Amino acid sequence: MKALISFVALLCCFCALAKPPVQSRGIDYIDMKSFLIPIDDDPLWNWSIKKGDSMPEVFEAVSPEYYYPKAIIQAQHFVEETVPEHPMAFNAFSMGVIESIAKNFGVSEQSVGKLVSVSLGEMEGFRSTFTTGLNEYRKDMTVWVGRSPDNTMFLFMAFTEPGKMAHLQPVLDRTWKNIRFPSSLKTDA
C-alpha cells in the first residue's frame, strides 16, 4: 500500500511539473495572385477557387467533416474597384455593399444593423453580422468590406449555423488577420 501511495505521489509531482499540451494550429498560405490567404491545416480545411463570369475569383474554404460548427469562409479581392478614401464615404460605400449582399440572402436593410469598424492585418474596413432570411438555408453570416493596402476593395464572408458565429471567430481571426499582399512582402535588395 505504501508503494502505491508513493507511486501516486510521484506521478502527481510529474503531472504538476509537466507543461499543458499546446494545440497545433498550423496554417498554409494559398496564392491568389493579388493576395496570399492562410487556411488552417490542423485540421485541414477543404478549399477551392471559384471563377466568376464578371467577378474576381472567390477563395472558398469549407470546414472539415468533423469540425464544429460547420462553416464556409470566402475571400474576394476586387483589384479594379477603388474604395473611397474619405471615412464617411468609405462607411457609406461599405454599407451599400453589405446591404446588397444581405438582400441577396433575404435580409432586409433594417436587419443588417450598424456597421462595426474592424481592422484586419494590413486592411481596414467594416463588418456586419446577421442571420440570413432564407429558411431552407438559414445561417449566421458575417460580411466584411475593406480596403487593401493599394486602396482596392476586399470582401470577406463567413457562414455558419445560427448562434455559432462566436465559435467560428478564432478561425476567422487566424485567416482574415493574416492575409498578405505580394506588394508588402517585397524587400529592398
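Select β2 (36–40), β4 (58–62) and α4 (165–176): each supplies at least two residues to the lining of the largest cavity. Helices (H or I, at least four residues) and strands (E, at least two) are DSSP runs, numbered from the N terminus. The model is predicted, so local features need pLDDT of at least 70 and side-chain atom pairs pLDDT 80 or more, while totals for chains, interfaces and linings use all residues. Residues are numbered from 1 along each chain as its sequence is written, and side-chain values use heavy atoms, without hydrogens and water.

Now show P38, I39, D40, W45, F59, A61, I73, V171 and T175, which line the largest cavity. A cavity is a set of points on a 1 Å grid over the protein atoms alone where a 1.4 Å probe fits but cannot get out; lining residues have an atom within 4 Å of a point. β2 gives the most, with 3 residues. The space inside is about 40 Å³, the volume being that filled by probe spheres set on the points, which are joined across faces, edges and corners.

Next, go to Y68 and P69. A cis peptide bond joins them, with omega about -5 degrees. P69 sits in the loop between β4 and β5 (71–82).

Move to K33, in the loop between β1 (27–31) and β2. Its phi is near 75 degrees, a positive value in a residue other than glycine. K33 is exposed, because its relative accessibility is 68% (exposed is over 50%, buried under 20%, partly exposed in between, with a 1.4 Å probe and protein chains only).

Finish at N151, between β8 (140–147) and β9 (152–160). Phi of N151 is near 65 degrees, also positive. Is N151 buried or exposed? N151 is buried, at 13% relative accessible area.

Conventions. 1 Å grid on protein atoms, 1.4 Å probe; cavity = no way out; pocket = protein on both sides within 12 Å on 5 of 7 lines; lining within 4 Å.
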